[in-house]
Amino acid sequence: MYKLEDIWMIHLEITEKCNLACLMCDRNQNGGDVNPYLKDRELTFDIIRKTFPLSHIKKLKRVYMCGNYGDPILASDTMRILKYFRECNDSIKLGVMTNGCSKPRLWWEELARIVDTVRFGIDGLEDTHKIYRQGAIWELIIRNVKAYIDAGGYAIWDYLVFGHNEHQIEEARKLSEKLGFKEFVVKKTGRFFSNIKLEGKDKHLTLTKPSQINNINKSLTKQENIIKKYGSMSNYLDQVKVNCKVIKSKEVYISAEGIVLPCCWLAGEMYKWELPYKSSQIWGLINKDELNIKKNSLQQIFNSDIFNMIQESWSQQTISKGKLKTCALKCGEEFDQFGDQYK
């Protein structure tokens, strides 16, 4: 699939901790109790320094903190780790994706001097933002946004659009300009498609799909044609060619637990709260201890067979015979929920 020396981008999920309860996030059960498989694990500064020596960091082009469950600003060593990457490589691009709902002003001012970008997930205005991002405090977010931007930080506003906030897009865009955001990105969520049931839906709990066609993820409009062509979404996944996104971007993902996999999508398959433990496909390929940077070096992990095994699965005839469903769903050539967020 690829070798360690091919990698120039690192996707770090530095923590499983989060202070919000978003209704479509796998960290919690439909916005309620925390996913029982999560243990608030973190990547510490010592682990990162051991995993990424100076010689390795100098070869990297980008490191960004995001992931499946946690918000990077909640981790204990976030600032120290970002400083370490910056000190080792002046030209590396550092990015953070966050809800912005924590830390004092001075922390955000310091962050502005270290990273290249912060993407703030703000899904509406004061009256609607917390409908999806349960527990969000609008005044605190705006205070932190101002502290970061006023200190010279490059800020991007990511706006997940739903039925309850689509009427506020242009008002939010104007606010973003007033606050000093450099970009305002309308994200058309693909989560109104069930990856387990393989079908679209108009509602999720209290959330409704946008009513305006230009605010709906284009993948959701392709399902009917795909079923006409292949007979079913399952048949499509069996037959579609996998065009791996992270091979193109030369990227690897590391979870807060320390697990190294090509992407967050495969890692996200490990701990689905609605499924029995270790029942998902990826568990048939992985050995957690073998792939953990807390127990092995990155080189040892890349010397294992995991990446070749993942790629070899794509040539299997069907999902039931070993083709990875997540790879076909996320990187199949005709249905791209992720890419269509931005179209």
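Burial is classified by relative accessible area: buried means under 20%, exposed over 50%, and partly exposed in between, with a 1.4 Å probe and protein chains only. This is a predicted model, in which local features need pLDDT of at least 70, side-chain atom pairs count only at pLDDT 80 or more, and totals for chains, interfaces and linings use all residues. Residues are numbered from 1 along each chain as its sequence is written, and side-chain values use heavy atoms, with hydrogens and water left out.

**Stop 1: Val63**

Select Val63, which is found in strand β3 (residues 62-65). Helices (H or I, at least four residues) and strands (E, at least two) are DSSP runs, numbered from the N terminus. Val63 has a relative accessible area of 0% and is therefore buried. Next, display its contacts, meaning heavy atoms within 4.5 Å. Residues up to four places away in sequence aside, Val63 touches Ile10, Leu12, Phe85, Ile92, Lys93, Leu94 and Gly95.

**Stop 2**

Select β1 (9-12) to view its side chains. Met9 and His11 point one way, Ile10 and Leu12 point the other way, and all are buried.

Which strands pair with β1 in the parallel sense? Two strands pair if DSSP finds at least two bridges between them. One partner is β3, joined to β1 in the parallel sense over 4 bridges; here His11 stands opposite Tyr64. Another is β13 (residues 251-254), also parallel to β1 over 4 bridges, where Leu12 stands opposite Ile254.

Now show the whole sheet. It is open and has 8 strands in the order β8-β7-β5-β4-β3-β1-β13-β14, with mixed pairing. β8 and β14 (260-261) stand at the edges with a single partner strand each, so one side of each has no neighbour in the sheet.

**Stop 3: the largest nonpolar core**

A nonpolar core is a set of buried Ala, Val, Leu, Ile, Met, Phe, Trp, Tyr and Cys residues joined through side-chain atoms within 4.5 Å. The largest one contains 114 residues, of which Phe85, Tyr148 and Leu261 touch the most other members. Helix α6 (residues 138-150) supplies the largest share of this core, 7 residues.

Centre the view on Leu261. Leaving aside neighbours within four places in sequence, the contacts of Leu261 are Val252, Tyr253, Leu266, Ala267, Met270, Ile286, Leu291, Ile306, Phe307 and Ile310.

**Stop 4: helix α7**

Select α7 (residues 169-179), where Ile169, Ala172, Ser176 and Leu179 are buried. Seen down the helix axis, the buried residues of α7 fall within an arc of 85°, so they line one face of the helix; the arc is that of the directions from the helix axis to the C-beta atoms. Lys174, Glu177 and Lys178, on the other side of α7, are exposed. Which elements cover the buried residues of α7? Among them are α6, β7 (155-160) and β8 (183-187).

**Stop 5: salt bridges**

A salt bridge is a side-chain nitrogen of Lys or Arg within 4 Å of a carboxyl oxygen of Asp or Glu. The structure holds 19 of them.

Begin with Lys17 and Glu42, whose side chains meet at 3.2 Å, N to O. Lys17 lies in the loop between β1 and β2 (21-22) and Glu42 in the loop between β2 and α1 (45-51), so the pair ties together parts 25 residues apart in sequence. Lys17 is partly exposed at 28% relative accessibility, whereas Glu42 is buried at 14%.

Move to Arg27 and Asp40, a salt bridge with its closest N and O atoms 3.1 Å apart. Both residues lie in the loop between β2 and α1, 13 residues apart. Arg27 is buried at 8% relative accessibility, and Asp40 is partly exposed at 38%.

Finally, select Asp46 and Arg49, whose closest N and O atoms are 3.3 Å apart in a salt bridge. Both lie in helix α1, 3 residues apart, about one turn of the helix. Glu16, Arg41, Glu257 and Lys288 complete the tour: salt bridges that share partners join them into one network.
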